[in-house]
Amino acid sequence: MNVLCILGHPRTESFCGALADAYCEGAEEADVDVRELAVADLAFDPDVRTESPVDQRLEDDLRAAQRLIGWADHLAFVYPNWWGTMPARLKGFFDRVFEPGFAFAEYDEGEGAGHAELLDDKTAELIVTMDMPPWVYRWIYRQPGTNAVKRATLGYAGVRTTRVTTLGPIESSTPAEREGWLERVREAGRSLETGPESRAARTTRKAKTWLSALRLQFYPMAWLAYTIGALAAVGSSDVFGSTAYWLGLGFLCVLEAATVLSNEYYDYETDRKNTFAGPFTGGSQVLVDGALSFRDLRRGIGVALALTAAFGVTTVAISAGSTVAIAGAMAALVVLALGYTAPPLELSYRTLGEVTVAVTHSIGVLLIGFLAVGGSWQEPEPWLLGLPFLLSVLPSITLAGVPDYAADRLADKRTVAVRFGIDGAATVATGTALLAALTAIGWHLLDLVPEAYGPAIYLCVPHALGICWLIHRRLDDATGPQRIDGLMAASLSYITWFAVVPLLGLL
């Protein structure tokens with residue numbers, strides 16, 4: 001591992017200088033390749049005097065600093081906390097060195113304006129001295145300087161800060177206290193022998209990565225549809241006391257996990273090319289960013305599938321309804337869910353992905369909830385309740401192809417947006433949004449499922465019209481991919497009318 005220790009104090013003979021030396025001593029004992037850079041020794045203008053930093057010629061010392069940062073795997077910044085933040089010279093160093101093209105790249109495409117992190121292969125730690133107790137700085141002042149460096153500077157460039165060491169108060173400290181701090185920092189350098197972060201930190205980061213990969217934002221929709229089906233079969237909230245209900249819910253949760261992980265695995269090529277990834281589009285990016293490996297995902301998919309089988313078999317065994325019906329429905333759901341991206345079906349690559357998601361997350365899970373607690377597939381309720389739900393899902397899943405358009409096209413993923421163009425996707429989303437509202441209102445007027453659809457369902461009409469207006473405003477004449485976060489939020493929230501209104505009516 002290559003380690004660069006950057007001393008940010010404007011006086012190299014300061015206590016910060018001694019701390020930097022101690023850190024480097026510990027790092028050398030850890031047998032890592034360590035180099036030290038003192039900002040005070042560099043000859044450069046700390047002010048950006050041009051409109052953009054890239055328009056100002058970099059001094060030779062700053063070019064050398066960029067080369068050292070590029071060489072390093074781990075950066076350690078040692079500096080004092082002055083007026084709540086870093087010294088002016090260190091701030092000038094960041095202003096000049098962390099320029100576009102080195103630390104980040106910018107792009108500007110409508111709502112998609114943003115940046116790409118260019119130093120995301122590096123980690124960092126901060127060693128900060130101050131003339132106040134560290135707890136005061138953290139809890140009273142809310143550590144503004146640390147947050148600025150960790151999040152707004154290093155984080156913006158993709159550098160992940162693994163540790164922050166705060167030492168103080170310095171002015172009133174005794175020689176013994178200072179010696180203790182030097183040893184603490186020396187030990188921080190030694191700890192690099194096992195990597196830039198502790199075992200507990202690695203475990204926590206891995207857990208957060210898996211949670212990100214699981215994309216928990218998709219689960220509530222399936223849970224709501226499943227619960228609507230179960231309530232329709234039993235007719236009361238007594239369903240929540242049913243073991244079959246909870247086992248069936250467990251089956252759906254682990255199947256959803258297997259599905260999103262397999263999507264991450266098989267959609268790698270399109271996710272890698274996607275510059276418009278968001279919470280509901282472009283995957284979680286954990287594979288693209290290298291946070292998880294292909295091997296990790298294969299193991300995760302295997303565990304999720306094993307749990308899916310276990311929950312499924314147990315649910316079938318204790319279900320009060322037809323064993324054949326519930327087993328068949330579960331098997332069909334597994335095939336459709338995994339076949340969304342997994343070969344040989346690869347439904348999302350054949351312009352069947354949007355319909356597959358809509359079916360599995362509406363009628364599919366709703367029918368399983370109905371069957372798991374004793375209902376029959378021949379009864380009309382699950383089908384009647386599932387149809388408006390299905391139609392309400394289609395706008396959001398169809399529009400999700402707009403930000404992914406260019407990447408999907410390059411990967412030959414034939415989504416609705418790719419096959420029929422963005423105008424075609426807009427037409428499908430508009431039509432299904434209106435049709436969902438008309439179907440639910442029709443069920444209410446015809447009194448087909450009176451417990452589920454009351455007058456409140458009419459409130460979905462202005463929401464549907466709002467989606468149509470947003471589609472017209474954002475996508476008319478659109479020819480390429482773009483971020484449509486507002487439109488996605490409107491279309492995703494539209495589903496709640498066809499989930500929450502029936503749910504409350506059936507409770």
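Helix α14 (residues 381-399) and helix α16 (residues 416-446) cross at roughly 150 degrees, and their axes come within 7 Å. Axes here are lines fitted to C-alpha atoms, for helices over the stretch in contact, with angles running from 0 to 180 degrees between N-to-C directions. Helices (H or I, at least four residues) and strands (E, at least two) are DSSP runs, numbered from the N terminus. The two helices α14 and α16 are therefore roughly antiparallel, a label for angles over 145 degrees, while those under 35 count as roughly parallel, 65 to 115 as roughly perpendicular and the rest as oblique.

The crossing of α14 and α16 is left-handed, meaning that the near helix is turned anticlockwise from the far one by less than a right angle (clockwise would be right-handed). By type, the contact residues are 16 nonpolar, four polar and no charged. Nonpolar covers Ala, Val, Leu, Ile, Met, Phe, Trp, Tyr, Cys and Pro; charged covers Asp, Glu, Lys and Arg; the others, Gly among them, are polar.

## About the model

This is a predicted model, in which local features need pLDDT of at least 70 and side-chain atom pairs count only at pLDDT 80 or more, while totals for chains, interfaces and linings use all residues. Residues are numbered from 1 along each chain as its sequence is written, and side-chain values use heavy atoms, leaving out hydrogens and water.

## The chain as a whole

Stepping back, the chain has 19 helices and seven strands. Its C-alpha trace spans about 85 × 50 × 45 Å along the principal axes.

Helix α8 (residues 219-234) packs against helix α19 (residues 497-506) at about 30 degrees, with the axes 9 Å apart. Helices α8 and α19 are therefore roughly parallel, and their crossing is left-handed. On the α8 side, Leu224, Thr227, Ile228, Leu231 and Ala232 meet Phe498, Ala499, Pro502, Leu503 and Leu506 of α19. Nine of these contact residues are nonpolar, one is polar and none is charged.

Helix α7 (residues 199-214) and helix α9 (residues 243-266) pack at about 90 degrees, their axes 8 Å apart. That makes α7 roughly perpendicular to α9. Here Trp210, Ala213 and Leu214 of α7 meet Ala257, Val260 and Leu261 of α9, a contact of six nonpolar residues with no polar and no charged ones.

Terms used
Contact means heavy atoms within 4.5 Å.
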